[in-house]
Every structure is written in C-alpha cells, then in structure tokens.
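Look over the sequence and the model, then read on.

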Amino acid sequence: MTNTARHAALLEQLRAEADARSPARPDPSPRTKDAPQAYDFADLPDYRPIRMQKAALKAMGLSHPFFRLGEGSSAPETQVEGRAQLSFASYDYLGLNRHEEVREAAREAIRRWGVSPSASRLVGGERPYHRSLDAALATMQGTEAALAMVSGHATNVGTIAALLGPKDLIILDQYSHNSVVEGARLSGATRLVAPHNDCAWIEATLERCRKQHRHVLIAVEGLYSMDGDTPDLQRLVAIKARFDAWLMVDEAHALGCLGATGRGLAEGQGVDPRSVEIWMGTLSKTLAACGGYICGSAALIDYLMARAPGFVFSVGLAAPVAATAECAIGLLAREPERAARLAHAGQRFLAAAKAAGLDTGLSEGHAITPVLIGDSLRAVRASAALFEQGINALPIIHPAVPERAARLRFFLTCDHTDAMIDQAVEATASVLRTL
C-alpha cells in the first residue's frame, strides 16, 4: 500500500470513529421546514475537517505545527515551547523589532500620550503621531499622501471594497493574499483571476472586456509571500496606462526586502512610485509594529478617510504602535546596510538550497524561500523533524496552497548568519531524504 493510500485509509478510519463518538442529538423542539436551525459549534459541518486533522496528527504521534508558544523575541535564536530554536518563521526582516531606538520610541509615546487614542480618528481620536506617521509613510514610498489603519488585512479589504462596485472589474493574481480576495468579493465587482505573474493574460483580457466596465483594478503583490517571487512592475504600469486601469501593489513583504535601501518593489525595479495609483503595505513586518497603510495621491487618501470602513469605524492606531513604525521608517533610511545584509542572507539560502537539491520553486532569493515537498502530511512531518533538531520552519499546507504544492517556508532576516543558513539547509535536506 502506498503512503497516499495509507493516509486515505487512516483518515477514513478516523472519520468513522468521529461519527461513532458523535451520536445524533435529540431535536429539542419541533421545527417547521423553513425554520432556522441552531447548531452546537462542534456540530458545524465545517468544523469536522478541523477535528479530523487534529485527530490524525495525534494518531501519527505528531504535535500540531501551528500556534506553538514562542517565549522570546523574534530573533533568529529564540525559545519556542521551552526549546532553543533557530527560527525561520519571523517577518522581522530587518531586525528592527529589537532595536533599542524602536523600543524607546514606544516607551516615550506611552509616557506622552498614553496607550490608546480611545476613539476613531474621525470623531476625536486624531493625534499628532497619526499625522506624523502618515507623512513619514508618504515620504518613504514617494507619494503625495498616506493613511495608516489598525489592521493590514482590513486595509486591503476596506480599500478595495470602498473603491469598486458592481459595475467594475478586478483582476487579481492567482496567488493574491486572502485580504485582496475578500476585498474583491465584498466590493461586488466582477472578479477575474490571472495566472500567476502572467502579464500577457492580463493584457489580452483587458483587450477583450475593458469597455464593459466602469473602473478596473489590477491587484498584485510586490513580493509574493508563498513563493518569494516578484511581478514585472514596468510592464504592469504600461498595461494599466493603456487600458485606463488602476494598479494596486501590496508591499506587505516587499518593504525592507527589495531595493538597495529596502524601500520596496519600485526601488528594486527602478520604477517611479508615482506611476502606481495604490501602494498598500503593513506595519507589522519590516516596520515592527501592527496595522496597515495606503500610499497614493492626496485625493485617494481623502476619499479613504471618508469612505474606507476599516478607517472610519475603527479606533486610531495606538501611540506606541505608531511611534514604533515611524521610528522604524527612520532607521530604514539611516541604516541601509540592514537591507544589504538581508539580500545576502536571502541569496545564500537560495543558492545553498539549490545546491542541496531542494526544490525552491519560484523563489528569487529575497527574504522568502519555500522548499516544495508535495503532500501536506509529508510537510508537517518534515517540520516536526526539523523542530526536534532545533530549527523552526513552518509547513504551508492545504488549503493555503494546493495539496500537491505543500511546502516548508523559510523567512530570512538580516540577522541570520551564514552558519545558521547552512545548518538549516543541511538539516532540511537530511530530513527530506529520510521521510
């Protein structure tokens, strides 16, 4: 029997055992055919695969690979579940989360303003540090204006839903983040999914159907978080200009990782940032804080301040969060050697992984490199084996990626040394040979 067949047989056995342990519950009251039905959450059909996954891991003697308790900071050398680990699971690309200036900025903000503005910016929570951060973000990105919000996910959802409606068209990349997908869905616009980084497909599609829609948005990522590759920004700018479309670039993982000074995709590919209508980013990765932001024209920002639900109906950023992000922006400009060290680490990992015969997929060796494995179970087992050896690299499994595209994902930072990288690659190659 093959591994796949054994896996399927085990899941079928667990499914039967779960059904046997969950006898039908008596109906507490008569219901008409059209009456709503309330479930115990444990009985929800969508909960069943979650329960089965946990049972399967337990039956195989594997611990759950997610929600492990990290007991230290996001440094490459840290403590996870009481064990020393080399961590490749952090978005702290430039190591600013532990920078003393960043920590002091947070402490000073609390001393001066307290923690929370205690209101939305619209109705009484506007503070000097909000305007200062917005200005710093616009300067960093090279745009007229910017607006920070309390959630990166909600920034994408709210911005897309606020700008587009049923008469419009959104073209999103096949590998777009969930926040872009949800924003497109909530907008009510027609949605088309482009094959990954296929500019020719986008151009041909707009040639065919642009005239049928009022507004068109093309949404891409500056650095794709699952695969570590980038789009052709120059060509996308030409396409959107030809077809009178808006271009939105999600820089969540690109900031700090691309360009000589880490300012993102535009710097990395030599494109004028003002040629892109909407730049989106997060404060939670390179900028060591929490939240999201939009950079663009002054008119765009004015519009979002009045219409984006994630801004209008949410509290303003907390003082230490905003101060941390603004301080990190300053350090990004003053210490470009951090971006250079990250570029070295990313390229070293990619080269070492390829030399070891590992499948790195589409990675360009910036800060994210996957090691493609195949099925989800094998990826979980590989991650567990690495954890036992003191290396923390998380599996990415179905449904986050297709079942046959499960992988380990390695995040590099400027503080990963050559020795750490070589150790992780050698251990990964060894583990995969034994599975």
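With 435 residues, a compact globule would have a radius of gyration near 22 Å, and the protein agrees because its value is 23 Å. That radius is taken over C-alpha atoms, and the globule rule is 2.2 Å times the number of residues to the power 0.38. The C-alpha atoms fill a box of roughly 65 × 60 × 55 Å along the principal axes.

This is a predicted model: local features need pLDDT of at least 70, side-chain atom pairs count only at pLDDT 80 or more, and totals for chains, interfaces and linings use all residues. Residues are numbered from 1 along each chain as its sequence is written, and side-chain values use heavy atoms, with hydrogens and water left out.

**The whole protein**

The protein has 16 helices and 13 strands. Both are DSSP runs numbered from the N terminus: helices (H or I) have at least four residues, strands (E) at least two. Of the 435 residues, 50% count as buried. Buried means under 20% relative accessible area, exposed over 50%, and partly exposed in between, with a 1.4 Å probe and protein chains only. Among contacts with a separation of 6 or more, 69% join residues 24 or more positions apart. A contact means heavy atoms within 4.5 Å.

**Strand E6**

Strand E6 covers residues 216-221. Six of its six residues are buried, so E6 is largely enclosed by the rest of the structure. Val216, Ile218 and Val220 point one way from E6. Leu217, Ala219 and Glu221 point the other way, and these are buried too.

Which strands pair with E6? The table shows E4 and E7. Two strands pair if DSSP finds at least two bridges between them.

| Strand | Residues | Sense with E6 | Bridges to E6 |
|---|---|---|---|
| E4 | residues 169-173 | parallel | four bridges |
| E7 | residues 246-250 | parallel | five bridges |

Leu172 stands opposite Ala219 in E6. Leu217 has Trp246 in E7 as its bridge partner.

**Arg404**

Where is Arg404 placed? Arg404 sits in the loop between strand E12 (394-396) and strand E13 (406-411). Arg404 counts as exposed because its relative accessibility is 61%. Leaving out residues up to four places away in sequence, Arg404 touches Gly374 and Asp375. Arg404 and Glu144 are 260 residues apart in sequence, and their C-alpha atoms are 44 Å apart in space.
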